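Subject: Structure handover

Hello,

Here is the structure I promised to pass on.

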Amino acid sequence: MSSSAERQAYFDELITSATSMLHSDEVLLANLAGEATDFIRLNNNEVRQAGSVDQQKLSVDLIAGQRHVGGTINLTGDTAMDNARVGALLGQLRAQRRLVPDDPYLLYNTDPTSTDNVKTGEIPSPETALADIRAAGQGKDLVGIYASGDTFHGFANSLGQRNWFQSSTFNLDWCFYLQADKAAKNLYAGFDWNDNAFARKVDWSSQQLTALAREPKVLGPGDYRTYLAPRAMEEVMSLLSYYGAFGRRAHETKQTPFLRMLAGDAHLSPQITISENTAGGVAPNFQSSGFIRPDEVPLIVDGKLTDTLVSPRSAQEYGVPTNGAHGGEYPESMAIAPGSIPAHGVAEALDTGLFVGNLWYTNFSDMSACRTTGMTRFATFWMDSGEIVAPVSVLRFDDTAFNMLGDHLEGLTDDAEVLLDPSTYLERSTASARLPGALLREMRFVL
């Protein structure tokens, strides 16, 4: 496996060579994305598939004036072959560019700012991690996938800018399966493996598995005292994010679910502070057009809108500075500031009510009112006096974020859990979140 320095040097040589092929009026933007990942899939606590992925791809944007065209190739690591393929791609893009109109919102960084950021972590070898995971699943049907290793990104342009970001992480997405649709779902992810933290998660999943064997409790529609675990919070926050809760374009066009907040008709709880925390995430600290991302962008402070994520295109269109957001203008490294409820005392704080570990099928029932809906998933329990009584049959919720994160929010846990997106479609995702659990005085369930 190549070192970070070797990868960076290869990328620099590749773009230096590509720059020499440019015509006098051209500017080249180049983005490298790659990974060196070990993965293990398990079923019934046995290894069903294991392997590794070492890949990298290069995306380039060839600019002349306000016209530009982009393309992507996979890299082989062979200098002569990759240089030839980049040269062929530039020729294709040059021909295509003659056919496209000027882009009035094109904006890229013309003030070269180079950076180098390599994050290392305490990650066990795949063999050690597998031994720990199988020991935790002894006598149980453990199902899941473990992925660990480096993800790396580079930016370079023909103006001399060079940026590198590399991060080492692990991600264990697993459950203890019982039968039919009954499973105790959990996730352990981060930068530094901690045996005690993993043991606590295994212990809680084991308690859930035992409780799942009991006769389920059927609840009718109504408002119930509810604890949303970090993974359940992630579902709600992802929905808000992807539909423009924090993006400048959505705010300018009034297509954000936070429309009432923009109008001054609603707010969230003063306990809610949300930021794009690039410094604590896995996504690179630079944008594909070469703009450097600040360590943190405060989006909501004490329940009130503070800032938005502004991509270069939105910056050009609306005449505001960019803060390095990507084109989708949703958080890639979201963080919600923790509260004061002890994370290890959630059951006591909830006392009697619903413990919701996961949600799915989340959507808007009324986006303009920020009304969300979705289903409980996997292990949802009825708690009484801080003890698990029984699993609860699947419920559908329908409530506004202004209730869940506003008037009905009793408190947040004092620890924000690191949640790494386990998606591996084409490549390992670098999206992440640091989220606390949320205790709600009531949450509305309709089915």
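Two strands count as paired if DSSP finds at least two bridges between them. That matters for the hairpin of S5 and S6, which has four residues between its strands and where Gly160 takes a positive phi near 105°. Bear in mind that this is a predicted model.

S5 covers residues 141–157. S6 covers residues 162–179. The two run antiparallel and are joined by 16 bridges. S6 also pairs with S4, in the parallel sense, over five bridges. There, Asn117 has Phe165 of S6 as its bridge partner. A further nine bridges join S6 to S7 (residues 182–190), again in the antiparallel sense. The hairpin of S6 and S7 has two residues between the strands, and Ala180 in it takes a positive phi near 50°. S6 is mostly covered, with 14 of its 18 residues buried.

Is Thr151 buried or exposed? Its relative accessibility is 3%, and buried means under 20%, so Thr151 counts as buried. Thr151 belongs to S5, and its bridge partner in S6 is Ser167. Beyond its neighbours within four places in sequence, Thr151 contacts Gly34, Glu35, Phe165, Gln166, Ser167, Val282, Arg428 and Thr430.

**Cysteines**

A disulfide is a covalent bond between the sulfur atoms of two cysteines. The bridge partner of Cys175 in S7 is Lys185. Cys370 is buried as well, at 0% relative accessibility.

**Helix H1**

H1 runs over residues 4–20, which makes 17 residues. From first C-alpha to last, H1 reaches 25 Å, close to the 24 Å expected at 1.5 Å a residue. Its buried residues are Ser4, Arg7, Tyr10, Phe11, Leu14, Ile15, Ser17 and Ala18. Seen down the axis of H1, the buried residues fall within an arc of 165°, so they line one face of the helix. Ala5 and Ser20, on the other side of H1, are exposed. What covers the buried residues of H1 includes strands S1 (26–43), S2 (46–64), S4 (115–119), S5 and S6, along with helix H2 (79–97).

**Helix H5 and the cores**

In soluble globular proteins, nonpolar side chains tend to be buried together. The largest nonpolar core here has 52 residues. Leu240, Phe246, Phe258, Ile274 and Leu354 have the most contacts inside it. Which helix gives the largest share of this core? Helix H5 (residues 230–242), with six residues. A second, separate core has 32 residues, including Ala129, Ile133, Ala184 and Trp193.

Leaving out neighbours within four places in sequence, Ile274 is in contact with Met237, Phe246, Val297, Pro298, Leu299, Ile300, Met334, Ala335 and Ile336.

H5 itself is mostly covered: 10 of its 13 residues are buried. Among them are Pro230, Arg231, Met233, Glu234, Met237 and Leu240. The end C-alpha atoms of H5 are 18 Å apart, which agrees with the 18 Å that 13 residues should span at 1.5 Å a residue. Gly244 follows H5 and has a positive phi, near 90°.

**The six-stranded sheet**

An open sheet of six strands has the order S11-S10-S9-S12-S19-S18. Its pairing is mixed. Which strands lie at the edges? S11 (304–305) and S18 (417–420), each of which pairs on one side only. S18 and S19 (residues 432–435) run antiparallel and are joined by four bridges. Val418 stands opposite Arg434 in S19.

Ser432 is also in S19. Ser432 is buried, with a relative accessible area of 11%. Not counting residues up to four places away in sequence, Ser432 touches Gly281, Val282, Glu332, Ser333, Met334, Leu419 and Leu420.

Best wishes

Note on methods
Residues are numbered from 1 along each chain as its sequence is written. This is a predicted model: local features need pLDDT of at least 70, side-chain atom pairs count only at pLDDT 80 or more; totals for chains, interfaces and linings use all residues. Side-chain values use heavy atoms; hydrogens and water are left out. A nonpolar core is a set of buried Ala, Val, Leu, Ile, Met, Phe, Trp, Tyr and Cys residues joined through side-chain atoms within 4.5 Å. Buried means under 20% relative accessible area, exposed over 50%, partly exposed in between (1.4 Å probe, protein chains only). Contact means heavy atoms within 4.5 Å. The expected span of a helix is 1.5 Å times one less than its number of residues. The arc is that of the directions from the helix axis to the C-beta atoms.
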